[in-house]
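Follow the charged side chains through this model. The text below takes their pairings one at a time.

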Amino acid sequence: MRTFTGCQDAMEFPRFTFNPKEGIDNPALVISDDPEPDPSPVPTLCQLKRLEGQSFGFYLRTDKSSRSFEIRDVDPWSPAGHSGLKDGDRVLEVNEEYVDNTDFSRIVRKIQSCGFHLFLLVLRREEYEQAVSMGGDLQMLARASKGERWSRTRLCHISRHPEHGLGMTIVSVEGQKGQYTVSTVTGGPAERAGVCYGDRLMWINGVRVSTLTHSTLNRTLKKSGDSVTVLVIDPDSESCNVRRKMPTLPVAAECCGLPFTTKTLHLVKDQNGYGFLLRQEKLGGARRIVHVLREIDVGSPAEGAGMEDGDLLLAVNGKPIESMEHEDIVKEVRQSGEAVILTTISIPGRDFYREIGISPLLFYDECSVKDSVSHCTKNQSETPLKHGDGSPTYPTECVPGQSGTLPTQLPERTSDVFL
């Protein structure tokens, strides 16, 4: 019978000791399950708020290879920088509207017309490349980031019925000061305008209702005349916005039957020019300067396109001009050469949009603009655009470094616009 000493036992059957530097080399402990797949990328919501005369502080470019919209050269001290926007981000949504693979000039115009608030839903560069390589649906990815029961805010214009009124009443939310819901009459004016029973009321005629008492709201409805414009959202969508820390604003709303729309006028010169006068005026005795279309010649291209005396000029070839100097606007028109596209609105229409606090160009959806060409111009506050000719010279696709620069056509190669 053999016996073993403790020393022999230790030599033939060495005791296991763990060395943290070497880890565990034991096949029995190796995990053989497949690794977990990488989670889907999560888009980032960036909220930009600028001041009067301030740009948002970034370049937008199109990537020819992917047809995506890429953020470039973010100014770290700008609204873009403070929002968390980063170089290389790919834009999925602008103000809650999906834009990936949409016309570039339309996206630029949408950003230029949004006023002081801009909401961009983006994917970081690596996340975008990952999603594309996996064949993911980017629109579904954007939608999923909001929540299953989310829908867009609605900006609704309600016309009063002679007998049934507005077809809605405003109800205070119990225990929540400044919070109101809407009770609608089935088939009534409010419901036909897009308001749903139980919607949260956020704005009325451009005023945030959280600042108003219930009695003040009722007086506003009674004094609203023939119509009222409200911003509403359903409770589930409001909860989604609260979770996303996104304020409910008209700039991100879906338009439902607003009473005034912009006009898009396509003018082609004849032997006498376009046939109208562009005049700089003060509107209604106020200090605000507007650019007014006057003295439309009978039988001229302007009259044929539907121009009316007193219309306000909003954009030339899709480029917003309200903040531009008069002589620069004239130059834009004359540089178009033999054809130009003007976006206009009536004075009552401009007053309506000013009252509710948004630009009339916000819901402008005309994307087609002509190639612009060059002409010389004079510095004057009253300019006839009726005569003149010249040989066209085609411009570069954009002028970086200036707020409000818009390419005249969707370029074939990469373009950059500063916003």
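Buried means under 20% relative accessible area, exposed means over 50%, and partly exposed lies in between (1.4 Å probe, protein chains only). This is a predicted model: local features need pLDDT of at least 70, side-chain atom pairs count only at pLDDT 80 or more, and totals for chains, interfaces and linings use all residues. Residues are numbered from 1 along each chain as its sequence is written, and side-chain values use heavy atoms, with hydrogens and water left out.

Side chains of opposite charge can pair when their charged atoms come close. A salt bridge here is a side-chain nitrogen of Lys or Arg within 4 Å of a carboxyl oxygen of Asp or Glu. The model has 18 salt bridges by this rule.

Start with arginine 61. Its side chain meets that of glutamate 70 in a salt bridge, N to O 2.5 Å. Both arginine 61 and glutamate 70 are buried.

Next comes glutamate 97. Its salt bridge partner is lysine 110, with the closest N and O atoms 2.9 Å apart. This pair links distant parts of the chain, 13 residues apart: glutamate 97 sits in strand β5 (residues 97-98), lysine 110 in helix α3 (residues 104-112). Helices (H or I, at least four residues) and strands (E, at least two) are DSSP runs, numbered from the N terminus. Glutamate 97 counts as buried because its relative accessibility is 17%. Lysine 110 is buried too, at 11%.

Now turn to glutamate 295. It forms a salt bridge with arginine 279, the closest N and O atoms being 3.4 Å apart. Glutamate 295 lies in the loop between β16 (289-294) and α9 (301-305), and arginine 279 in strand β15 (residues 276-282), so the pair ties together parts 16 residues apart in sequence. Glutamate 295 is partly exposed at 43% relative accessibility, and arginine 279 is partly exposed at 22%. Through shared partners, salt bridges join Arg279, Glu281, Arg294, Glu295 and Asp309 into one network.
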